Amino acid sequence: MSEKIHDVIIVGSGPAGYTAAIYAARAALEPVLFEGSLDSGGALMNTTEVENYPGFAEGIMGPDLMLAMRAQAERFGTQIITDDATELKLTGAVKEVTDSDGVVWRSRAVILAMGSGYRKLGIDDEDRLSGRGVSWCATCDGAFFRNKDIAVVGGGDSAMEEATFLTRFANKVTVIHRRDELRASAIMAGRAKRDPKIEFAWNSSVSGIGGENSVESITLTDTVTGQHREVPMQGLFIAVGHDPRSELVTDQVELDEDGYVLTQPDSTGTNLVGVFACGDLVDHTYRQAITAAGSGCAAALDAEKYLAALD
Ligand code: FAD
């Protein structure tokens, strides 16, 4: 167990975690940040151009943005640990965060910023072509697909919303759904079905993605007959859901029915005193780098206020 009781430990290294670290470090809280062992930097490490993060008129590559945030957090004295937090004990006045070597780090406040993972299809080439035609976010990437043919996988409200949004840019949007009816609410489904730019590939799943450097085609498998067909396509948006990375805190922190950490109204505070949460870990709705960074800032300010009241 570490001798020292730190002021604040931050778990997670996307825009939320790094921004919380920048604010906490500038407030002289000497934060410790666990950034993860394999996927440090968060979701934007897996993308190419980010065009909607303010301050970069020409856009910026996702990994460059995240490395800049990391450097900014370090510049003000954040201690960055390239490891996973493997266990958290968050009740009580002193919180405990265990690393992968079993070392227990202690702090008076903890900021949870573990993000969430988009569900993948689990097929070959999905990761290789991520950011090269394969996307999980229409708001982020739709503008790259002007006059292109795009497919959206999924049958829920999110898939309908993505498909409808993408018609602003695309030549044609094909919604691919495993069944012959949608899960989406009637209003969302109706809007998509009435849209002249949207077609439906019913009883179909994506079994392959073709293309050297970017998506050029997809292979559809008929879920009833098992037959395959290759369809030319320049974009594939996957909208089959996302899972918040809240498994470490399931038994301690209040979660909603989908596993997102619940925060108090107008605050980043959780049900546990001294424990704050931010970013996509709490956010069903906006799920953008700027909103994650904004809530990371709020979590650091809330933690700072909490610690000041203890002193
Ligand atoms: P994340 O970015 O998910 O970061 C959390 C990170 O914390 C994890 O990746 C991991 O490294 C770390 N972590 C998790 N658990 C632990 C643990 N136990 N111990 C230590 N570390 C841990 N948004 C935009 O605004 N513009 C875009 O152009 C854009 N493009 C995108 C492209 C793709 C392919 C994807 C997937 C997302 C995109 N987004 C974009 C959305 C944006 O990336 C997310 O909204 C944002 O990254 C969420 O930030 P976060 O800090 O909450 O979590």
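Arg128 and Asp125 form a salt bridge, with their closest N and O atoms 3.0 Å apart. The term means a side-chain nitrogen of Lys or Arg within 4 Å of a carboxyl oxygen of Asp or Glu. Arg128 is partly exposed, at 41% relative accessible area. Asp125 is partly exposed too, at 29%. Here buried means under 20% relative accessible area, exposed means over 50%, and partly exposed lies in between (1.4 Å probe, protein chains only).

This is a predicted model: local features need pLDDT of at least 70, side-chain atom pairs count only at pLDDT 80 or more, and totals for chains, interfaces and linings use all residues. Residues are numbered from 1 along each chain as its sequence is written, and side-chain values use heavy atoms, leaving out hydrogens and water.

Side chains of opposite charge can pair when their charged atoms come close. The whole structure holds eleven salt bridges. One of them joins Glu74 to Arg70, at 3.5 Å from N to O. Both residues sit in helix α2 (residues 62-75), four residues apart, about one turn of the helix. Helices are DSSP runs of H or I with at least four residues; strands are runs of E with at least two; both are numbered from the N terminus. Glu74 is partly exposed, with a relative accessible area of 40%.

Arg287 and Asp280 make another bridge, their closest N and O atoms being 4.0 Å apart. Both of these residues are buried. Salt bridges with shared partners also link Asp7, Arg108 and Asp311 into one network.

Now the wider chain. UniProt, in an unreviewed entry, lists residues 6-296 as "domain: FAD/NAD(P)-binding". That span is 20% helix and 27% strand, and its end C-alpha atoms are 19 Å apart.

How values were computed. UniProt positions are given in the numbering used here, feature names are shortened, and annotations may be inferred rather than shown by experiment.
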